[in-house]
Amino acid sequence: MPRTEKTSPETWLRVTPQGLYCAAGDFYIDPHRPVERAVITHGHADHARAGHDAVLTTPGTAVIMRSRFGAGAAKTYDEAAYGETRSFGDATVRLAPAGHILGSAQVVIEHAGTRVVISGDYKRRRDLTCDGFEPVPCDLFVTEATFALPVFRHPPDGAEIRKLLQSLARNPDRVHLVGVYALGKAQRVIALLREAGYDRPIHLHGALTALCDLYAAQGIALGPLRPVGRESKKGFAGEIVLCPPSSLRDRWSRGFPNPVTAMASGWMRVRQRARLRGVELPLILSDHADWDELTATLHDVQAPRVWVTHGREDALVHYARSHGIEAEALSLVGREEEGA
Amino acid sequence: MKAFAALLDGLVYTPSRNGKLRLLADYFRTTPDPDRGWALAALTDGLDQRHAKPALVRGLVEARVDPVLFRLSYDYVGDLAETVSLIWPDDGTAADTPLRLGDAVAALQTAGRSEVPALLEGWLDSLDADGRFALLKLIMGGLRVGVSARLAKTALTRLGGAPLVDSVSLAEIEEIWFGLEPPYVSLFAWLEGRAGPPPVDRRIAFRPLMLANPLEDGALETLDPDEFRAEWKWDGIRVQLVAGGGERRVYSRTGDDISAAFPDIVAAMDFDAVVDGELLVLRDGAVAPFNHLQQRLNRKRVTRQMLADHPAHVRLYDMLFDGDEDLRALPFDDRRVRLDDWMRRESPGRMDLSPLVPFRAWDDLSALRADARANGIEGLMLKRGDSPYTAGRPKGPWFKWKRDPMLADCVVMYAQRGHGRRSSFYSDFTFGCWRPDDDGKPELVPVGKAYFGFTDAELAELDKWVRGHSTERYGPVRAVEPGLVLEIAFDSVHRSARHKSKLAMRFPRVHRIRWDKPHHEADRLETLEKLVAE
């Protein structure tokens, strides 16, 4: 293919009040207000919202959106497997695995000889519940930055799961309440426990059952799961109960006598954060890339330019610039656009 | 270091006091000397590592890690030891020979100043993240693991030595603490029943203080005024004066020896007794505001000028020993008679008696307390006439009845990230009041700073507000636009050069968050100026 003159991406990709907008193809990526055409990276509520007309996403994310928002979440779904290409206006779009949760994708947009990759949320380590991240070389990489500080280095998953199993062995008289996000983290923790040989039933807060069923229906083996009913919460000594993080400290969890309170999150790396949440057993398990993964990915995608979104932008921008990569925090890009 | 690291981790994550006590007692029981003694010193702030200062640690890490990334991380984490432990380059291999806590302390104590950096660097390379955290906490102090020195000492009483040995009480430990040195080998021998109490020079012993509980609302109705005596609650710091056998000590409330900062008081202690009172700055018989006393605190040396400008004085209200005679078991009324007699007999300089405040009914005292705006008075103390002098804070015999705080509505101007468990939250608020600027337009001037008085849930909301209304950032501090009003409670307000307003509040705290109040309706500076205690 002859090399064409590359365009500057900010002429056709910009931040608007609805979210990131691709003018070349007239669509939005993860808009937070209803739009005509949306490309959705994954099913978490801050990325997938209800009310769009046309949605392009992976089959996995479409299943999650339908389950969360009902049939009317979008008027039409275009379900694209990883690698399939779509054309909108002067842009072509394909989705690449992001390794974040089931169905999660990066958005690869090509226009006028320029390739932009929007990472969405991602991680680089192995996850039994979703496809692994695929680095796509590009001209501009739009990256997340949730854990973009060098203090965030997630230890190996196996070691964290062993911490939970060791605590269970040491405290057979205490129920272990593990705070997990309902979508992605819950299923990953279960899969990791199964991989470590834990075959007892795992008990679930009501907010987790639908999504665990959904994962199981997608062929992800989670083993025996039991909903925690409304009746007495006294019979769970020595068992693992998963619940949303907010339930660790509400009326629901108070029913369990003498629980060990655990939480599976990348934030648990910082002691005082864990302490503020009243967590006794912090498990550093994240579905986001840690510092080493974020910086390695910048090199893997070989992009000369990087835009950094939501999180600790300053540090990643600084890192990129000191490694010869042009970098900006995306919010600033947006503000400049408005001023121009 | 591994056991100490595990202890610190456990303490951070264990919220309950009993859980912490169990962890501490287990550690002290299973860890050999001298490691456990150095750990005890670190937990009780008794470890003096002159060479290993935070600046040195920062220097080491900034040589290994991009300084910008380090500063951003430190700003986020809020704790130097934790930041360095997490950010230190780590290839995942730990050293073959684990570092012993006692060896580390010994090496630091014998090392010359120039050798310390290399020592520390080698250890940081050999330890894992938890080990690095423990080492840095050990050498820099400020553990912030939710354990007070008192809790650590309480854990010592639960070591459970030989079954036939009577356990040692907290009061017994506190009584000899002043005479002990880390790594406390003789103390542990005594606790485990292997030896008698460590020999200390009793003549200069600190005797643990008897403390008062705050008077709860409605509590007066349950108390009989005839059984109680009242004194003014002076706005100074509590001290215990110990003199005898040629030795003299001024101890703070916690048993710290502060004699060096108060040579004027020490010179006046020409007696053989242990007395309890309030340290004040007194000029022409009048108590100076608390911030005058603050000029004298925390000094290793005092200048002659300082002694002349800020003369110290002790207002006495109790007597523990008269010569060798222990008065602590006597009722308050009897001790008070002994104190009066002793004052007449000895009449030491720079000291006087805190008078008893006569009253018949609680209403008399309520009226007095409400009018108590005089300098140096914080409220009233109520003490049962029959109360023996009991170390600690026994419930029932003594109450402090502080006067109601003053209140002002102030506007948040700056917010700073907190420390410890509140690191990464904007939790320290500088607030101001309105005054006309040179053109007569209203401007805000800072009058104080407060960092407590709100719940964790409110903290999360305040943090969110700060992040959404920032105008500028200076490291961990953000300037915010005027918009949030805090109702601030404070004990008094004084002239001060520290703030642009030339005013400073004593003991300011957030009384209420006034989400509802328009910021332009907050208080004006002139309102505060009328409250100044001259």
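Domain bounds, on which the descriptions below rely, come from an automatic or database domain assignment. This is a predicted model, in which local features need pLDDT of at least 70, side-chain atom pairs count only at pLDDT 80 or more, and totals for chains, interfaces and linings use all residues. Residues are numbered from 1 along each chain as its sequence is written, chains are lettered from A and ligands numbered from 1 in the order in which they are written, and side-chain values use heavy atoms, with hydrogens and water left out.

**Confidence**

- The model scores ipTM 0.91 and pTM 0.75.
- Chain B has a mean pLDDT of 88, with 96% of its residues at 70 or more.

**The two domains of chain A**

- Chain A is assigned domain 1 (9-151 + 288-339) and domain 2 (157-283), and the centres of these two domains, taken over C-alpha atoms, are separated by 30 Å.
- Where they meet, 18 residues come from domain 1 of chain A and 15 residues from domain 2 of chain A.
- The area buried between these two domains is about 1500 Å², of which carbon and sulfur atoms give 67%; buried area is the accessible area (1.4 Å probe) that two parts lose on being put together, summed over both.
- Leu102(A), Thr129(A) and Phe147(A) supply 31% of the area that domain 1 of chain A buries against domain 2 of chain A, which is more than any other three residues.
- Between the two domains of chain A the count is 3 salt bridges, a salt bridge being a side-chain nitrogen of Lys or Arg within 4 Å of a carboxyl oxygen of Asp or Glu.
- Arg126(A) forms a salt bridge with Glu195(A), and the closest N and O atoms of this pair are 2.7 Å apart.

**The contact between chain A and chain B**

- This contact takes 24 residues from chain A and 27 residues from chain B, and the two chains bury about 2500 Å² between them, with 58% of it on carbon and sulfur atoms.
- Of the area that chain A buries against chain B, 33% is supplied by Arg271(A), Arg275(A) and Leu276(A), more than by any other three residues.
- The count between chain A and chain B is 3 salt bridges, and Arg271(A) forms a salt bridge with Asp130(B), the closest N and O atoms being 2.9 Å apart.
- On the side of chain A that touches chain B, α6 (271-276) and α8 (313-322) of chain A each supply at least two residues, and α6(A) gives the most, with 6 residues; helices (H or I, at least four residues) and strands (E, at least two) are DSSP runs, numbered from the N terminus.

**The two domains of chain B**

- Chain B is divided into domain 1 (213-402) and domain 2 (406-529), whose centres, taken over C-alpha atoms, are separated by 34 Å.
- The contact between them takes 7 residues from domain 1 of chain B and 6 residues from domain 2 of chain B, and about 540 Å² is buried, 40% of it on carbon and sulfur atoms.
- Between these domains the count is 3 salt bridges, and the side chains of Asp235(B) and Arg506(B) meet in a salt bridge (2.3 Å, N to O).

How values were computed: Contact = heavy atoms within 4.5 Å. pLDDT = per-residue confidence, 0-100.
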